[in-house]
Amino acid sequence: MIKVYQSLFCISFLFICYSAFTPSEGNSSILFLDKILHFGAFFLLSFLLDRSTRRPLIYHKGLIIFLVIFAVSIEIIQSFLPYRSAEMLDFVSDLSGILVYLYFAPKI
């Protein structure tokens, strides 16, 4: 089952990269939809990464740091793209998704 979660993590990671680096569709009528999507994406990545290892994610500090660096990298790269913008609140939403997952994730 771990291989399935590893595959799902890789697919999700690539989809998030694609979504983050291509032009966006524009504004949504849903308030803060962008922040909700950032939160959900990193909550999902945390969940899949947690299920991809034998021990809980909380014990894999390197993997948690990887997720944080990925979140920072997205914003840095977006700052150089003319059709995207980097926002500190996006990073905060990403970090919140990771931290909320870690708070509620099983520790055993």
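Guide: Helices here are DSSP runs of H or I with at least four residues, numbered from the N terminus. The model is predicted, so to speak of a local feature takes pLDDT of at least 70 and a side-chain atom pair counts only at pLDDT 80 or more, while totals for chains, interfaces and linings use all residues. Residues are numbered from 1 along each chain as its sequence is written, and side-chain values use heavy atoms, leaving out hydrogens and water.

Visitor: Thanks! At what angle do helix 2 and helix 3 pack?

Guide: Helix 2 covers residues 33–51 and helix 3 covers residues 61–79, and they pack at about 150°. Their axes are 11 Å apart. Axes are lines fitted to C-alpha atoms over the stretch in contact, and angles run from 0 to 180 degrees between N-to-C directions.

Visitor: So are helix 2 and helix 3 roughly parallel or antiparallel?

Guide: Helix 2 and helix 3 are therefore roughly antiparallel; that label is for angles over 145 degrees, while under 35 counts as roughly parallel.

Visitor: Which residues make that contact of helix 2 and helix 3?

Guide: On the helix 2 side, look for His-38, Phe-42, Leu-45, Ser-46 and Leu-49. Helix 3 brings Leu-63, Leu-67, Phe-70, Ala-71, Ile-74 and Glu-75. Contact means heavy atoms within 4.5 Å.

Visitor: And how does the contact of helix 2 with helix 3 divide by class?

Guide: There are eight nonpolar residues, two polar ones and one charged one. Asp, Glu, Lys and Arg count as charged; Ala, Val, Leu, Ile, Met, Phe, Trp, Tyr, Cys and Pro as nonpolar; the others as polar.

Visitor: Switching to helix 1. How far apart are the axes of helix 1 and helix 3?

Guide: The axes of helix 1 (residues 2–21) and helix 3 lie 10 Å apart, and the two helices pack at about 20°. That angle makes helix 1 roughly parallel to helix 3.

Visitor: Which residues meet there, between helix 1 and helix 3?

Guide: From helix 1 you have Phe-9, Phe-13, Ile-16, Cys-17, Ala-20 and Phe-21. They meet Phe-66, Leu-67, Phe-70, Ile-74, Ile-77 and Gln-78 of helix 3. This contact has eleven nonpolar residues, one polar residue and no charged ones.

Visitor: OK, and at what angle do helix 1 and helix 2 pack?

Guide: The angle between helix 1 and helix 2 is about 155°, and their axes are 8 Å apart. That makes helix 1 roughly antiparallel to helix 2.

Visitor: What is the contact between helix 1 and helix 2 made by?

Guide: Helix 1 supplies Ile-2, Tyr-5, Leu-8, Phe-9, Ser-12, Phe-13 and Ile-16. Across from them, helix 2 supplies Ala-41, Leu-44, Leu-45, Phe-47, Leu-48, Leu-49 and Arg-51. By class, twelve of these residues are nonpolar, one is polar and one is charged.

Visitor: Let's zoom in on Tyr-5. What does Tyr-5 touch?

Guide: Tyr-5 is in helix 1. Leaving aside residues up to four places away in sequence, Tyr-5 touches Phe-47, Leu-48, Arg-51 and Ser-52.

Visitor: And what separates the C-alpha atoms of Tyr-5 and Leu-57?

Guide: A distance of 13 Å, although Tyr-5 and Leu-57 are 52 residues apart along the chain.

Notes:
Parallel < 35°, antiparallel > 145°, perpendicular 65-115°, else oblique.
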